[in-house]
Each structure stands twice: as C-alpha cells, then as structure tokens.
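Morning, everyone. Please look at the screen.

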Amino acid sequence: MSTLPSLPTEILHRIFDYFDTKTQFQSVKLTCKRLHSAVNTYNRIKIEQCAKKNLVRVCTNVSPEHIIYLICNGDYSVPDSFFSNLRQMTNLQYLSVNVSFQTVELLNYIYGIIWNGIPGLDLLTIVQLNSLCWYNIYH
C-alpha cells in the first residue's frame, strides 16, 4: 500500500492542483520533508484574493517564478513596489489588479512594467475600484 509521500513528485503536483495555496503551504508543506520538497518544486501556484499586505509574505514563502495565476485585492497606485516585484514572476499567465483611480499614466506604467516584463502573461485585468470599469488586455 502506497502512502502520499511515496508517490512520484509529478503525481503529487497533480494532486496539489486541486489544493488552494494556503493548504499547500500551511498544511501539506509542514507534514514531512518529502512533501515539503514536493511543494517547493510545485510550479503551478494559483493565488486568489490576495490582499496587498499579505502578498509580500506570500512571496517570501513561495518562489515567485512558480506563480502562474494571481488576483490581487487592495489599492495599488503608482509607484508601488508591488509592480516592480512582479518581474520575478516569470511564468505568470493571468494577473488581476485593483486600482483606485484611472489615468493614462497609470495604465502606461502597468502596461510597461508588467506586460513587457512578463513574457508568458496571457491576460491582464485592471479593475478600477468604486466604479464598474475594468480593462482586459490580452497578449
């Protein structure tokens, strides 16, 4: 009879696809050295509804290049160190960011920093807070 830690890493990663990020990093990772290692090499991390204040903590516990999906809550403005740190998320495919105001400068800044800095990004969603306005930008 096989136990979870004895499964091949590829199978464990398929199982992790069904876990939320909190479960992966606060429960599974702390179980044993084998699962800790498997979680550290997992490269399809999806982070949903992450508050701005928690994002820095998440990024210290996760290899940024392993994140493929990110939805950020909170108010982001220019300049914001968050946008510069996104360049480390080289495998990011989807990003949604909330902003408090809309200006041409903000949209150009986000476009330049994020779009040109993350080659695999397929969809960028910018949501303007306190309005019904959002932008979907496809690559």
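Which residues touch the most other members of the largest nonpolar core? Keep in mind that this is a predicted model. The core has 25 residues. I67, L70, L92 and L95 are the ones that touch the most other members.

Where does the core draw its residues from? As background, nonpolar side chains tend to be buried together in soluble globular proteins.

Now take L92. Leave out residues up to four places away in sequence.

Next, α1. L12, H13 and F16 are buried there. They lie on the same side of α1, because they cover an arc of only 100 degrees around the axis. Look at the other side of α1: E10 and R14 are exposed. And what do the buried residues of α1 pack against? They pack against α2 (21-26) and α3.

So over to α3. Which residues are buried here? L35, A38 and V39. Their arc around the axis is only 100 degrees, and this puts them on the same side of α3. These buried residues pack against α1 and α2.

To recap: the buried residues of α1 pack against α2 and α3, and those of α3 pack against α1 and α2.

Note on methods: Residues numbered from 1 in each chain as written. Predicted model: local features only at pLDDT ≥ 70, side-chain atom pairs only at ≥ 80, totals over all residues. Heavy atoms only, no water. Core = buried A, V, L, I, M, F, W, Y, C linked by side-chain atoms within 4.5 Å. Buried < 20%, exposed > 50% of the residue type's maximum accessible area, 1.4 Å probe, protein only. Contact = heavy atoms within 4.5 Å. Helix = DSSP H or I, 4+ residues; strand = E, 2+ residues; numbered from the N terminus. Arc of directions from axis to C-beta.
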